[in-house]
There are 2 protein chains.
Amino acid sequence: MALDLTASSLDITRTICDIPSVSGDEAMLADAIEQAVRPLAHLEVIRFGNTIVARTQLGRAQRVVIAGHIDTVPINDNVPTKDVDIDGEPHLWGRGTVDMKGGVGVQLKLAAELTEPVVDITWMWYDNEEVAAALNGLNLLSAARPDLFQADFAILGEPSNGQVEGGCNGTLRAIVRTHGMRAHSARAWVGENAIHGAAPILARLAEYRAKEVAVEGLVYRESLSAVRISGGVAGNVIPDLCEVEVNYRFAPSKSAADAEAHVRGVLAGFEVEITDAAEGARPGLDAPIAQQFVTAVGAEPRPKYGWTDVARFSALGIPAVNYGPGDPHLAHHDQERVPTAQIDAVERGLRAWLTGA
Amino acid sequence: MALDLTASSLDITRTICDIPSVSGDEAMLADAIEQAVRPLAHLEVIRFGNTIVARTQLGRAQRVVIAGHIDTVPINDNVPTKDVDIDGEPHLWGRGTVDMKGGVGVQLKLAAELTEPVVDITWMWYDNEEVAAALNGLNLLSAARPDLFQADFAILGEPSNGQVEGGCNGTLRAIVRTHGMRAHSARAWVGENAIHGAAPILARLAEYRAKEVAVEGLVYRESLSAVRISGGVAGNVIPDLCEVEVNYRFAPSKSAADAEAHVRGVLAGFEVEITDAAEGARPGLDAPIAQQFVTAVGAEPRPKYGWTDVARFSALGIPAVNYGPGDPHLAHHDQERVPTAQIDAVERGLRAWLTGA
């Protein structure tokens with residue numbers, strides 16, 4: 001399916017949603033994007049796996065990365081897209097419309113249109129964002145081609161309701177274990193029940209009141225949640241092990257070590273094994289270029305709660321924000337849909353800033 | 001392997017342990033038993049699947065069923081049997097020595113030896129006791145041949161340390177559920193965490209103090225235990241369901257309906273689904289024949305905690321007790337072993353009663 005980048009952002013979004021590209025299966029969409037941008041004289045195009053990079057080389061004083069992932073979570077009877085009206089407002093409905101082909105549609109249109117932006121732009125459309133970090137196209141590209149990550153600012157088109165969402169919380173996972181002693185459940189008092197032993201873990205999590213932490217003027221709301229629990233051997237055995245997996249989402253002012261110490265403190269007295277940790281990203285809104293961007297697009301900055309790839313840019317020392325159409329609460333939802341007006345608004349906002357209008 | 005029933009109970013036990021007969025694989029042992037008892041003129045022998053029945057028809061005033069299962073739980077490097085000394089006391093070590101081929105060994109010896117017992121005896125050696133009730137040989141036989149279950153008293157050779165253990169607790173299983181609402185764990189406050197919601201369930205189970213209940217002079221200790229817990233969707237999702245499986249072991253003075261009401265009371269406020277219930281068996285020691293038996297074998301009656309097939313006899317209106325060599329705590333244990341003196345003692349006890357000595 002050929003991609004016409006002179007079409008509207010909405011129609012480009014529709015077309016790239018209707019080319020299914022569940023994580024691991026992005027080749028056809030990457031091909032379509034490459035074929036659409038390769039002929040454009042103002043862009044240097046680099047392909048890396050199913051990640052496409054297209055950049056201007058105008059010698060501008062500043063360079064901005066504008067990026068979006070092209071994969072989606074699995075389809076659930078919600079492709080192809082449909083036009084639907086909700087409360088009189090037109091929406092594009094279907095998998096990927098929110099996360100995040102609306103943002104990619106706008107980016108593709110502007111990549112073709114803006115031959116003379118006021119800053120140099122490195123467009124990046126990458127694969128495997130919805131799966132393990134080891135497969136993430138942006139992650140792999142940054143390892144293989146660090147030269148492409150020389151930039152003053154980065155914008156990720158993740159859904160943010162057309163507002164600017166700065167930074168993101170960090171995330172840490174841990175397994176909390178209780179141990180006991182097996183026995184036949186007919187003689188329960190001979191053993192020690194590890195599931196009963198987990199009662200204070202759940203009580204502490206249920207009572208836990210998460211902090212709100214201000215970072216560079218934005219307020220990040222934290223959380224500490226059980227995401228899994230398991231224990232038990234058989235229907236007639238007192239279990240000797242119970243495992244509770246917890247997920248701590250922590251403000252970007254904290255390091256992973258701070259987060260670990262906090263979780264160990266809350267769950268003091270229990271065996272805690274940290275299995276996974278990724279630091280958040282500070283909003284980065286104190287950089288002058290970021291302030292200019294926020295002013296130009298006319299948005300009110302908000303904190304981003306979910307972890308996004310802005311944290312990768314942040315870790316590379318590049319201030320980065322999320323800016324895209326769609327309600328993040330509808331990401332991965334079976335009724336995923338984006339108000340078409342938000343697609344238009346993000347297109348206008350980005351164009352205004354990139355053309356200095 | 002031919003079975004010599006003129007050998008000692010210990011040697012018969014050794015031989016039938018060394019013929020592996022894990023549940024479902026009892027045919028070879030059933031064959032050996034059938035071939036050993038078929039030639040005995042004082043016994044009428046009936047084979048039903050891998051269950052062997054052998055009975056005297058002496059026209060005695062009373063009839064006693066003496067039964068034992070011939071299957072074991074899976075072998076774990078503990079067959080063939082070995083003679084071992086523990087603290088100077090000789091033991092037979094290996095799978096089945098306790099549960100319950102020691103008891104079956106004694107029964108086989110006495111079945112051959114006692115041509116003129118003072119009561120008529122129906123010996124039953126049955127398969128599939130260690131697995132689902134639907135496969136249990138005693139259960140199937142009682143449905144197919146209820147005429148074989150006309151008796152005044154029943155003795156099951158389950159391990160009871162050579163003492164008489166009367167009746168057994170009942171058992172009830174239930175699933176206790178909490179419901180919540182899924183959400184991304186980065187925005188935990190949008191959802192409702194079903195695992196956190198299970199905190200009071202575990203707290204109530206941990207705080208629960210089980211009763212001791214006297215029934216016909218024996219004291220039954222109850223218990224209420226979590227045996228399994230599960231919940232969770234993915235590492236970044238607030239779970240909407242948590243399930244706790246509980247097992248209530250209740251005194252034989254309570255009906256299954258009593259037990260259900262008790263569990264629903266303890267877990268009031270939560271969704272409780274009863275999945276399985278089996279009533280216990282009253283000790284049956286008030287029957288005169290039972291009292292004579294206890295006196296003859298010279299044992300002190302104790303309560304049995306674990307559910308055994310005495311409950312099937314009890315449900316048929318036949319008073320029934322457990323009487324066999326071996327420590328029930330070592331049943332299913334990888335170091336399963338029986339003091340040989342207990343095998344001898346049970347043989348002497350049963351012989352004394354059955355011969356009126």
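Copies are superposed by least squares on the C-alpha atoms of residues with pLDDT of at least 70 in both. In this predicted model, chain A can be laid on chain B in that way with an RMSD of 0.2 Å, by a turn of 180° and a shift of 0.1 Å along the axis. This is therefore the relation of a two-fold axis. The same surface serves both copies, since 100% of the contact residues of chain A recur in chain B. A:Ser230 is the residue of chain A that comes closest to the rotation axis, its C-alpha lying at 2.2 Å.

**Domains of chain A**

The domain assignment divides chain A into domain 1 (9-168 + 281-355) and domain 2 (170-278). The centres of these two domains, taken over C-alpha atoms, are separated by 35 Å. Their contact takes 15 residues from domain 1 of chain A and 12 residues from domain 2 of chain A.

On the side of domain 1, the residues that lose the most area to domain 2 are A:Arg282, A:Tyr305 and A:Trp307, together 48% of what that side buries. A:Arg282 also forms a salt bridge with A:Glu216, with the closest N and O atoms 3.0 Å apart. The count of salt bridges between the two domains is one. By class, the side of domain 1 that touches domain 2 has eight nonpolar, three polar and four charged residues.

**Contact between the chains**

Chain A and chain B each give 44 residues to their contact. A:Trp189, A:His196 and A:Ile229 supply 18% of the area that chain A buries against chain B, more than any other three residues.

Several elements of chain A give two or more residues to this side: α5 (194-197), α6 (199-207), β13 (223-232), β14 (237-238) and β15 (241-250). The largest share comes from β13(A), with 10 residues. The residues of chain A that touch chain B divide into 23 nonpolar, 14 polar and seven charged.

| Contact | Buried area | Part from carbon and sulfur atoms | Residue pairs in polar contact (both at pLDDT 80 or more) |
|---|---|---|---|
| Domain 1 of chain A and domain 2 of chain A | about 1100 Å² | 58% | three residue pairs |
| Chain A and chain B | about 3400 Å² | 62% | 14 residue pairs |

Key:
Residues are numbered from 1 along each chain as its sequence is written. Chains are lettered from A and ligands numbered from 1 in the order in which they are written. This is a predicted model: local features need pLDDT of at least 70, side-chain atom pairs count only at pLDDT 80 or more; totals for chains, interfaces and linings use all residues. Side-chain values use heavy atoms; hydrogens and water are left out. Contact means heavy atoms within 4.5 Å. Domain bounds come from an automatic or database domain assignment. Buried area is the accessible area (1.4 Å probe) that two parts lose on being put together, summed over both. A salt bridge is a side-chain nitrogen of Lys or Arg within 4 Å of a carboxyl oxygen of Asp or Glu. A polar contact is a pair of N or O atoms within 3.5 Å; within protein, one must be able to donate a hydrogen and the other to accept it, and residues adjacent in sequence count only if both atoms are side-chain atoms. Ala, Val, Leu, Ile, Met, Phe, Trp, Tyr, Cys and Pro count as nonpolar, Asp, Glu, Lys and Arg as charged, and the others, Gly among them, as polar. Helices (H or I, at least four residues) and strands (E, at least two) are DSSP runs, numbered from the N terminus.
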